[in-house]
Amino acid sequence: MVDIVARVVPAERRAGAGRPATHALVIGVSAYRHLLGGPEESPTGRAWQLGQLSSAAGSATAVAAWLAAEYHNPAAPLGSLRVLVSPTANDRLDPRIAPEVAAPEHRATRDRVEAAFAAFMADCDRDVENVAIVYVAGHGVQLTKHEATVLLEDIAAPGVRPSLRGAIDLIQCHSGMDHAATAGTQFWFVDACRQPPEIAAAFAAMKGAYQIDELPGAARSSQCFLSASTLQQSFGRPGGHTLFCEALLRGLRGAAVCPPTPPLCDAWHVSSYSLSEALTRHVADQAGEAGEVQTVHHFTRGLSPQAVLHRLPGPPRVDLTVRLAPPDAAPVTTASVYFESGSPVPDVPVAWPLVMQLEAGLYSLALDTQQPYRRFSRPINLLPPGVELEARVAP
Amino acid sequence: MNLAAVTGTLVVRYSSGSMLLTGAMPIEVRDRHHALVRVVTGPETRLALSPGLYSVTAILENGERDTRVVDVQSGRAESIEFAVSAGEVYLERAIARGAPLRRLVDAAAASRGSATATAPGSAFEIGAGAAAGTSTATASGVALLPPGQRDAYAIDATTWLAASSPGLELTREGDGVVEIAHHAEADEVAWIEVLRGGELIWLALPLSRHSDEARRCTLRFGAGGAPRIELPAARRVTRALHGMIESGKLGPAIELADHSAALLASKYQDPIGAAYGGLMLQRFGALDRHADWVENLARDFAWLPDGQILLAAVLARRDPARGLAALLDATRTPCTVFSDAFSLALSLLRRWPGDDGRCEARLAELAPATARYDFSSPYATLRGAPGGR
């Protein structure tokens, strides 16, 4: 069984029977059996000039681990976590997930993905208050700005027709699950290594990728985040995670966290809007540092363009770092941090740079010092992922 | 209790050259716990607040988020103003004073002793043996130029102006910077072709003849990738939309598009901006309730394929026959203004309900262009000319 939720999530954190739940389907394909470098290279695989990847499967297990350990939605706790991965020796699988997905039944072949998807949809269809989360990483063919087909482990198998039998048309599946009788809130993450245009053009005419029926009506909100890198080299760090996965986890763990915003959400949360902004910025920055272009396209289906993916149990604790300028002032300078006027925060470190963790909020920082240095004070807007600032006490 | 004695006053001002932006941009006021106190819009709001620290966040005209922290004190008024800064690029650019750029197509034609040709699409012939996307005519055009004349055609060290749509005045303002003015009176998608690193790149431009502001833009060619297109400061709403979308600030962008798209088409005579707003609404599932102005956009600016594609999206279920006609008309070439429009067109062609084969045929016709399309650029960008082989 590819649903590992009972093995990795304690019962008290899982959804109760008959209650709304979050259902997750996570797929990562690094090992391609019939492509270049695979154990059974086929003529088609050689013709396509597509090789093995090194971070897609590892990224999928990292996302699965986050879902298992950190995902928080009191209205729809995790109810299922289906994970299919096809790793290479270069993949770094999350140690909490790796033992649970070692069996062959977890390989991301067309038949297994189809079966897992069917079971996933059946779970989602049980309650419109359910939440659906899909994450898929691997070789992708991007035919338009907003479409992507992801190749599965057994693509290009010799003698198999149609040509794209070993692939999944994720955007069509996203469209197909946009109806009124399934999970009302959906988040889809497509992490695809895009092919050069001349290869993509060949794929445009191919058929056979996994698709689902399209039903009438619309879900409450169905978000899709599609990230397609321009070149394989920038898709991911060998033995690490894809840039998109890095950005996604960074966003979920802080960069995309925003304060309560009624009526959308009364808790600290990650919304589709905040995630879009964080993903757009981080992916572009990281790819740009590598001299590549990688963009994140976010689009929606359903009735509402905004939804909440993750809720924090309480206000986040945020890192505050204050560097002193000039450093020579350190021996004679002490810091006080105030949340409410007249009441300093206790246990402020005396060492410089000042490093401490506080609950997110608005604070006042005051530095007392001696001549020739000058007192310093300023407000601090402490928000995830953290604040670093320089305090200048120079005369 | 005298409330005035224990509360302070926070005055929030938002000034923009656009009443639309001033009225549509939400400003969030949060207390020290980051709890939401109020969301305000408009040029000035006065709030009575308990003393303490507050954060105030606004989205500026360039799409950037600006957050200030203010200390509200009992019996006193504190003011915050969000405004465009004199030092930033919002100010109207000076009229271009640089050197006019010449087109390689003219040089190539002159070298053959023939009249200048500036037909839509590429004026070049792809020579036998030439690599896909390059043009022997442009390459030979550059080679034919005496070294002393090459600067007149060069945008920067590796980029040459190859051709453009009729009526465009292009002026080089600096290394890699081109100011473009649209003087044509005909309604068609404006475009340029550049030869960059030996590759021909076709790029649509967000220009129209319908207002002075909509006739100008600036191209900046950087180290790699598609050039950046900057709109003049007066196209505030379109600039703001673009800035927000490109930086992923979707909430404010959708809000602004919701308020502004119809006005952009009718009152501000900026059909390009209206189409962009419409594409954003379509991307986030909010276009259907704007069907009326989409019809108006497609009717009043029938030359703009992006508008026709939006109409097709709205009509796909309501009136498939009319929607299909609009879609097929708009996709006779891949020459939309925005890549989102072409992407939407391909998706519609791929999934049109009850297609009788015409959509599939059109997809096949567009396949060569689709293979050369740069979807990472917000504007329609093709490697190699749209009609090239």
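Chain B of this predicted model has a mean pLDDT of 80, and 80% of its residues reach 70 or more, where pLDDT is the predictor's confidence in each residue, on a scale from 0 to 100. Because the model is predicted, local features need pLDDT of at least 70 and side-chain atom pairs count only at pLDDT 80 or more, while totals for chains, interfaces and linings use all residues. Residues are numbered from 1 along each chain as its sequence is written, chains are lettered from A in the order in which they are written, and side-chain values use heavy atoms, with hydrogens and water left out.

**Confidence**

For the complex, the predictor gives an ipTM of 0.86 and a pTM of 0.89. Among the elements of chain B, helix α10 (residues 320–330) has the highest mean pLDDT, 96, whereas helix α4 (residues 136–144) has the lowest, 53; helices here are DSSP runs of H or I with at least four residues, strands are runs of E with at least two, and both are numbered from the N terminus. In two stretches of chain B, listed below, pLDDT stays under 50, and a contact there means heavy atoms within 4.5 Å.

| Stretch of chain B | pLDDT | Contacts beyond four places in sequence |
|---|---|---|
| residues 85–96 | under 50 | 21 contacts |
| residues 114–137 | under 50 | 43 contacts |

**The largest cavity**

A cavity is a set of points, on a 1 Å grid over the protein atoms alone, where a 1.4 Å probe fits but cannot get out, and its lining residues have an atom within 4 Å of a point. The count comes to four cavities of 30 Å³ or more, and about 60 Å³ of space lies in the largest cavity, a volume being the space filled by probe spheres set on the points, which are joined across faces, edges and corners. The lining of the largest cavity includes Trp66(A), Phe189(A) and Leu309(A), and α3(A) gives the most to this lining, with three residues. The lining divides into nine nonpolar, no polar and no charged residues.

**Cysteines**

A disulfide is a covalent bond between the sulfur atoms of two cysteines. With a cut-off of 2.5 Å between the sulfur atoms, the whole structure holds zero disulfides over all chains. The sulfur of Cys265(A) is too far for a bond, because the closest cysteine sulfur, in Cys258(A), is 8.2 Å away. Cys217(B) is likewise in no disulfide, and the nearest cysteine sulfur, that of Cys335(B), is 16 Å away. Cys265(A) is buried (under 20% relative accessible area, with a 1.4 Å probe and protein chains only), at 6%, and Cys217(B) is buried at 1%.

Terms used. On a 1 Å grid over the protein atoms alone, a cavity is a set of points where a 1.4 Å probe fits but cannot get out, and a pocket is an open set with protein on both sides within 12 Å along at least five of seven lines; lining residues have an atom within 4 Å of a point. Ala, Val, Leu, Ile, Met, Phe, Trp, Tyr, Cys and Pro count as nonpolar, Asp, Glu, Lys and Arg as charged, and the others, Gly among them, as polar. Buried means under 20% relative accessible area, exposed over 50%, partly exposed in between (1.4 Å probe, protein chains only).
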